[in-house]
Amino acid sequence: MTQEEQIVVDNEPTPEELEKLTISKIEAAFQLVSKTVKTFDQRYVFKTLRDLVSVRKQLNADVLSYLINTYLNNPYREYLLEFIGGKITNSEEKGEILPEINFLIHLLVQFYLLDSNQLAKLDELNTQYILKLIKNYNRRSLDLINAKIWFYIARTKELINDLISIRPELLLALRTSTIKHDDETSGSLITLILRNYILVHDYSQASNFIEKIELPKNVSNSIETRYYFYLAKINSIQLNYSDSHEFVITAIRKAPQTQNAIGFLQAAYKLNVLIELLTGDIPELSFFQKPGFEKVLKPYQELTKAVKLGDLKIFNETLINYRDSLIKDDNYSLVTRLRSNVIKTGIRIISLSYTRISLKDICIKLHLDNESSAEYIVSKAIRDGVIDAQINHEKGYVESNEIKNVYSTNQPQDQFNQRINFVNSLHNDSVKAMRYPPSVNRTENSGRSKEIEDDEAELINALQEDFDEDFF
């Protein structure tokens, strides 16, 4: 071992030192909570949650046992130590404990049980204790923490494949949080309910739910991003492709382009490709060459190739080769709809290439079963306006009409109008996304101390990273 390697090894903290460092970071995060209680500034709680997520990988039974014994009284101390396998080392009753600290420790125990794959214990903790705990308080300083706790309650039910039982609790909690004007929890619960419906493929119920609710305006960016993605998914299944495309583009634009959000971006890009193909657009080749996305988008690139060429043979081969991957992505039902688009594209290419062509040749080029199928498909393409042609049924051929000048139609105006609407929507969303400190915390700039300015800068940096590794 060289001298440089020995220095690196000597500088590595021991497990005991690492535990102390983790505890100190958590305690420092706890201290921010008192600022929220005093100032009613939710950004301190938000930064606390960000700090706790950063030390999540260092959590263990010893760290949690120390926090529980130090900050909590019975009965919380007793049952939490039982779930993590810890022991009571300090039986003295503490003074008044902030509910925010209590909830954060419960959240840390959720982290630990989930990361250690103790799902049965986590489900028991959620059902028997945490659900009752969060119903006993109505404090605005708990809103962000409640939203996070509900996230892991629903996530646990999803991992143990018990999606139906939690639905009544989610709906009841949404009604309660709406009455209390708890926007963050309401927004989180809305996305969790939508995800619950989507996972069991109950899209009609999800659509009915969307019609009866409205996402609160003052929610974090991660919740809003999820909401738009789920709207895109539901609308695409219900054949409303134009709205679905707008929603998925909004979700991609709002999601940060970071490593923590890579899983969400992959799912959003896949859905975006299918929606564009179903609406008749062809994604650019560069779209599939984004760093980190080449492999996961490979099946969708092959589908795009099949649709672009109008080759039904390539489409069927792609469907067989990537069937398992498409089912895993929950996009198989949308992909099967592309068959008609492949055929329409093939007919359009044939119509542009041939002034007159027999139904038999169309049948051969499109790999159809018989001429009757080809005649039916061409008739439907003419009726839908895909091609401008006529069928001679007696002689069995298709004759294309003279191609009109596209600028004599309304198509350029429609395209221009779509682009204007997109730019206006982008501008409006950017204005809405601008963040300002609450009015209760605003002071005159001339009287602000450096400490307050530094504190404000830290909060702004935390808000700019409004996307955590728990996104799914």
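Asp330 is partly exposed, because its relative accessible area is 26% (buried means under 20% relative accessible area, exposed over 50%, and partly exposed in between, with a 1.4 Å probe and protein chains only). This residue lies in the loop between helix 17 (323–328) and helix 18 (332–336). Helices here are DSSP runs of H or I with at least four residues, strands are runs of E with at least two, and both are numbered from the N terminus.

Before we go on, a word about the model. It is a predicted model, in which local features need pLDDT of at least 70 and side-chain atom pairs count only at pLDDT 80 or more, while totals for chains, interfaces and linings use all residues. Residues are numbered from 1 along each chain as its sequence is written, and side-chain values use heavy atoms, with hydrogens and water left out.

Most residues other than glycine have a negative phi, and most peptide bonds are trans.

Pro75 is found in the loop between helix 4 (61–71) and helix 5 (76–84).

**The whole chain**

The chain has 23 helices and three strands. Of its 472 residues, 45% are buried. Contact means heavy atoms within 4.5 Å. Among contacts between residues at least 6 apart in sequence, 66% join residues at least 24 apart.

**Two packed helices**

How do helix 11 and helix 12 pack? Helix 11 (residues 203–212) and helix 12 (residues 221–237) make an angle of about 125°, and their axes are 10 Å apart. Axes are lines fitted to C-alpha atoms, for helices over the stretch in contact, and angles run from 0 to 180 degrees between N-to-C directions. The two helices are therefore oblique to each other (angles under 35 degrees count as roughly parallel, over 145 as roughly antiparallel, 65 to 115 as roughly perpendicular and the rest as oblique). From helix 11, Tyr203, Ala206, Ser207 and Ile210 meet Leu231, Lys233, Ile234 and Ile237 of helix 12.

Ser236 is found in helix 12 too. It counts as buried because its relative accessibility is 0%. Leaving aside neighbours within four places in sequence, Ser236 is in contact with Tyr241, Ser244, Leu271, Ile275, Leu334 and Arg337.

Strands of a sheet pair through backbone hydrogen bonds, either parallel or antiparallel. In this model, three strands form an open sheet in the order 1-3-2, with antiparallel pairing; two strands pair if DSSP finds at least two bridges between them. Strand 1 (356–358) and strand 2 (389–392) are the edge strands, each pairing on one side only. Strand 2 is joined to strand 3 (residues 397–400) by four bridges. Helix 21 (residues 371–383) packs on the sheet and touches strand 2 and strand 3, its direction making about 150° with that of strand 2.
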